[in-house]
Structures are given as structure tokens and as C-alpha cells.
Amino acid sequence: LTVTYGQLKQKASLDYTAVGVDANTPLRVVRCRDCGLVFVNPRVKPESECLIYNECKQALYKNNLEAPKQTIADLKRKIDYIQPLMCLLQHAPRDVERWPLKFFDFGAGWGHSLGMLRELGLDVYGVDIDVERIKLCQGKGLDVLSPADFETNYPDFKADLVMWQSNIEHL
């Protein structure tokens, strides 16, 4: 199947011209005959991942990086992480000898989950693909790295709990 980017329903604010995609760019949806994997061409180049990742979140991005004060929206965004964390903690090992538990956040973002669980006494780790978010998390004292750096620094890492939330749309 081939469609142009302009034929897709999209937010008016999205602009992918910086990565070479405009309304006339053909997107080929391809299914591998061997394994059945479905993917889209053109594929996002690694140097453009952050642009696509942050596509329609520029105001949020700027607010998290630069705002000295929190807004009610910032507080609500952090509180939204409580319910998924409560669900995850229901599956936590109960063995006291395993504490503190190791928590891994795949797609750590701003570090909200990591920060909350660190305050509760867990050992927290995370990965993200956005350099600015990684710096922000590290500035909060959180152990967040790029996937490649994490694999290098923690080759045998094992976690008791893994969070993978709000990132499937980026894959």
C-alpha cells in the first residue's frame, strides 16, 4: 500500500519538512513476506528521532526544561502516573530480602515515575532516546541513559519491575 503523507489524517501543527517529509511524500506500508512484520518507508533516521519524538509537544517540552515553577497542568501530568504505578506495584515481589527493588522505566521521559518510586525507596533506572530529557533526568539525580549507553554501563542488568508506558506510538 502506498499513500502520500498529505492523504493521512494529521494534526495541522505537525511539520516534518526538516526530515524530508511533506504532503507529497509517498509512504509505503510494507509487510515482510518472511516474518509478517509491517513497517513504513521511509524509515526515521536516528538523527531525526528526537524531532519526531517531540513533534507536537514543543510547549510541553519547553515547559519541562525551562519553567522554574510548576503549573497545575504539570502537577496533573505527574499525578497521572500514580495509577499505572499502583497497578505495577501489585505485581512486586513481596520477599523483603529482595528490597530495595530495581525498577526500570523504558521511555523514562521527564522522570516522573522514577522520581516517585525513588522517593518510596526503590532503586530506579531508565532509558530514553531524547538527549534533553536524559539530561533533565540526570539533573534530578536519576540514572537515565540512552539505550546504547545503558547497555554498555549495565550489560547484565535485571529489574524486578519494568514500566513501558506511553511510548508504543513512537515505535
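This is a predicted model: local features need pLDDT of at least 70, side-chain atom pairs count only at pLDDT 80 or more; totals for chains, interfaces and linings use all residues.

Residues are numbered from 1 along each chain as its sequence is written, and side-chain values use heavy atoms, with hydrogens and water left out.

**Exercise 1.** Determine which strands pair with β5 and in which sense.

*Solution.* 

Step 1. Locate the strand: β5 spans residues 123-127, and four of its five residues are buried. Buried means under 20% relative accessible area, exposed over 50%, and partly exposed in between (1.4 Å probe, protein chains only). Helices (H or I, at least four residues) and strands (E, at least two) are DSSP runs, numbered from the N terminus.

Step 2. Consider β4, residues 102-106, which pairs with β5 in the parallel sense over five bridges; two strands pair if DSSP finds at least two bridges between them. In this pairing, phenylalanine 106 stands opposite valine 127 of β5. Between β4 and β5 the chain passes through helix α5 (residues 112-119), giving a right-handed β-α-β crossover. Right-handed here means that, with the strands pointing away from the viewer, the path from the first strand over the helix to the second runs clockwise.

Step 3. Turn to β6, residues 143-145, which is joined to β5 in the parallel sense over three bridges. Tyrosine 125 lies opposite aspartate 143 of β6. The chain reaches β6 from β5 by way of helix α6 (residues 131-139), and this β-α-β crossover is right-handed.

**Exercise 2.** State how many salt bridges the structure holds, and describe the exposure of residues that form them.

*Solution.* 

Step 1. Apply the criterion: a side-chain nitrogen of Lys or Arg lies within 4 Å of a carboxyl oxygen of Asp or Glu. The structure holds three salt bridges. Side chains of opposite charge can pair when their charged atoms come close.

Step 2. Aspartate 80 and lysine 76 meet at 3.2 Å, N to O. Aspartate 80 is partly exposed, at 42% relative accessible area.

Step 3. Aspartate 130 and arginine 133 have their closest N and O atoms 3.8 Å apart. Aspartate 130 is buried at 2%, and arginine 133 is buried at 4%.

Step 4. Lysine 135 and glutamate 132 meet at 3.4 Å, N to O. They are separated by about one helical turn because they are three residues apart in helix α6. Lysine 135 is partly exposed at 47%, and glutamate 132 is partly exposed at 31%.
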